[in-house]
Amino acid sequence: MMIKEELYNACLKFIDNRLLTVKSTISDIQNSLQSETKSSAGDKHETGRAMLQLEREKAGHQLSEIEKQKQLLQKVNTESNHSKVALGSVVITTQANYFIAISAGEYTIANSSYFAISAATPIAQLLLSKKIGDKVVFRENKFVITEVF
């Protein structure tokens, strides 16, 4: 079960880092908006403010998405064992290993590589509800699920 906890913590760290980055970006934009002074070129000033507003809006959407991912990750129970692939499962296959939670990249734990993927990804959609021994075909690659926990 230690692998699942390490993967969970790595995903949590990934989310927290993204959260800090976006909050920092929003803060920088706010500071820029407040320090933007009216120049003699009024149109240039208004264009600059409009661009900053768009950037702030974009960062706000990113912040919202990160919050959704964090809420989804909090639904993962690292204590549970699964007989079928579900949210929070670690899936070992003959081709690759997956942690079904959020899309957070690749992690190496105990000399094995694991891909943290969202349940909404195409590969996860194929894996969900499968069990040990089931065969999966993804982009013409065939592999077998050897372990689920």
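Leaving out neighbours up to four places away in sequence, Ser 89 is in contact (heavy atoms within 4.5 Å) with His 82, Lys 84, Tyr 98, Phe 99, Ile 100, Val 148 and Phe 149. This is a predicted model, in which local features need pLDDT of at least 70 and side-chain atom pairs count only at pLDDT 80 or more, while totals for chains, interfaces and linings use all residues. Residues are numbered from 1 along each chain as its sequence is written, and side-chain values use heavy atoms, with hydrogens and water left out.

Ser 89 sits in the loop between α2 and β1; helices (H or I, at least four residues) and strands (E, at least two) are DSSP runs numbered from the N terminus. Ser 89 counts as buried because its relative accessibility is 0%, where buried means under 20% relative accessible area, exposed over 50% and partly exposed in between (1.4 Å probe, protein chains only). His 82 is placed in the loop between α2 and β1 and is buried too, at 17% relative accessibility.

The side chains of these two residues are joined by a polar contact of 2.8 Å. A polar contact is a pair of N or O atoms within 3.5 Å; within protein, one must be able to donate a hydrogen and the other to accept it, and residues adjacent in sequence count only if both atoms are side-chain atoms. The side chain of His 82 makes another polar contact, with the side chain of Ser 80, at 3.3 Å. Beyond four places in sequence, His 82 touches Lys 4, Leu 87, Gly 88, Ser 89, Val 148 and Phe 149. The C-alpha atoms of His 82 and Ser 129 are 9.8 Å apart, with 47 residues separating them along the chain.

**Overall layout**

The protein chain has three helices and six strands, in the order α-α-β-β-β-β-α-β-β from the N terminus. Its radius of gyration is 21 Å, whereas a compact globule of 149 residues would have one near 15 Å; the value is taken over C-alpha atoms, and the globule rule is 2.2 Å times the number of residues to the power 0.38. Along the principal axes, the C-alpha atoms fill a box of roughly 70 × 30 × 25 Å. Of the 149 residues, 34% are buried. Among contacts between residues at least 6 apart in sequence, 55% join residues at least 24 apart. The chain exposes about 9,000 Å², and carbon and sulfur atoms supply 51% of that area, computed by the Shrake-Rupley method with a 1.4 Å probe.

**Nonpolar cores**

A nonpolar core is a set of buried Ala, Val, Leu, Ile, Met, Phe, Trp, Tyr and Cys residues joined through side-chain atoms within 4.5 Å. The largest one has 23 residues, of which Leu 7, Cys 11, Leu 73, Val 90 and Phe 99 touch the most other members. Two or more residues of this core come from each of α1 (2-35), α2 (42-74), β1 (90-93), β2, β3 (105-109) and β4 (112-118). The largest share, eight residues, is from α1. Another core lies apart from it and has 14 residues, including Val 91, Tyr 98, Ile 145 and Val 148. Leu 73 is in contact with Tyr 8, Cys 11, Leu 12, Ile 15, Ala 101 and Ile 102, again leaving aside neighbours within four places in sequence.

**Strands and Asn 97**

Strands count as paired if DSSP finds at least two bridges between them. β2 and β4 run parallel and are joined by four bridges; Phe 99 has Ala 116 in β4 as its bridge partner. β3 and β4 pair in the antiparallel sense over five bridges, with Tyr 107 bridged to Tyr 114 in β4.

Asn 97 lies in β2 (residues 97-101) and is buried, at a relative accessible area of 12%. Its side chain reaches the backbone oxygen of Ser 113 at 3.1 Å. Outside four places in sequence, Asn 97 is in contact with Val 91, Ile 92, Ser 112, Ser 113, Tyr 114 and Phe 115.

**Positive phi angles**

The hairpin of β3 and β4 has two residues between the strands, and Ala 110 in this hairpin takes a positive phi near 50 degrees. Two further non-glycine residues with positive phi are tabulated.
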